[in-house]
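Biologist: Please take a close look at the aromatic side chains in this model. I would like one connected account of them, and then of whatever else stands out.

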Amino acid sequence: MEDNNTQQQSTTQDITCIPHESDCAVCGRCATREQQAQRQGLTLYTILVYSENIAGVLNQITAVFTRRQVNIESLNVCASSTPGVHKYTITCYCTLEMVKMLKKQIEKRIDVIQARYFTDDDIFILETSLLKISTPTMLENADVCRMVRLHGARIVEVNPTYSTVEKTGMTEDILNLYDSLNRLGCVLQFVRSGRICITKSYREQLDAYLAEREESRRRD
């Protein structure tokens, strides 16, 4: 009986999830979203959607993802450089076949002008983050300020209770800063903006598309 109990305890210890260690690939709970997606053969795509500035377009676009059970990782909406046109920057993990289908379905919406998808190699990406950290902890532990400087962040506000740190950069850089400060026990709040990006092409692709469409209408 003792041998059986010992064997059962040993087996239980072998599959125990150890927090903060490198991904062990046993239960999957330690893995990041990116690691989980890579195991499933998924790629992070950035979808740029251009539409007229009309109420209800956002619901139409997100409904396309909902119907196909694709989770939106981040979403940013803003006015584009083209007057009267809004730009939606959406990121999601999916296969190439799925992102092609999403693009096709989104472009079927009446108020959508154009939709395009990109991998991270095709675009220039930035995110912005804000971290609220404890001012007393920052004053007591010099490593807090050292980590802020090391990661290229800046302190934008200081008061006796808390300080605000701003970091703009790639997603990985922002998360590395958060992990470093969180290990020091000083993070009170953390927020990230959605991804913003520009393509690496010389000309805005939407403008080229609109010019071609206008020229086609004149010929007709």
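Modeller: This is a predicted model. I start with a charge and a ring: Lys132 lies over the face of Tyr162, at 4.4 Å from the ring centre.

Next come the contacts between rings. The count is 2 aromatic pairs. One of them joins Tyr45 and Tyr117, with 6.0 Å from centre to centre and 85° between the planes, an edge-to-face arrangement. Tyr45 has a relative accessible area of 7%, and because the limit for buried is under 20%, Tyr45 is classed as buried. Tyr117 is partly exposed, at a relative accessible area of 27%.

Tyr178 and Phe190 also form an aromatic pair, and this one is stacked: the centres are 4.5 Å apart and the planes 25° apart. Tyr178 sits in helix α7 (residues 171–183) and Phe190 in strand β8 (residues 187–192), so the pair ties together parts 12 residues apart in sequence. Tyr178 is partly exposed, with 24% relative accessible area. Phe190 counts as partly exposed too, at 28% relative accessibility.

Helix α3 (residues 57–67) packs with helix α4 (residues 96–107) at an angle of about 145°, and their axes are 10 Å apart. The crossing of α3 past α4 is right-handed. From α3, the residues Ile61, Val64 and Phe65 take part, and they meet Leu102, Gln105 and Ile106 of α4. By class, this contact has 5 nonpolar residues, 1 polar residue and no charged ones.

The last item is a backbone detail. Gln69 is placed in the loop between α3 and β2 (72–79). The phi angle of Gln69 is near 60°, which is a positive value in a residue other than glycine. Gln69 has a relative accessible area of 72%, and because exposed means over 50%, Gln69 is classed as exposed.

To put the rings together again: Tyr45 with Tyr117 is edge-to-face, Tyr178 with Phe190 is stacked, and Tyr162 has Lys132 over its face.

Definitions and conventions. Residues numbered from 1 in each chain as written. Predicted model: local features only at pLDDT ≥ 70, side-chain atom pairs only at ≥ 80, totals over all residues. Heavy atoms only, no water. Axes fitted to C-alpha atoms, helices over the stretch in contact; angles between N-to-C directions. Helix = DSSP H or I, 4+ residues; strand = E, 2+ residues; numbered from the N terminus. Left-handed = near helix turned anticlockwise from the far one by under 90°. Contact = heavy atoms within 4.5 Å. Nonpolar A, V, L, I, M, F, W, Y, C, P; charged D, E, K, R; others polar. Phe/Tyr/Trp six-rings, centres within 6.5 Å; stacked < 30°, edge-to-face > 60°. Buried < 20%, exposed > 50% of the residue type's maximum accessible area, 1.4 Å probe, protein only. Lys NZ or Arg CZ within 6 Å of the ring centre and 35° of its normal.
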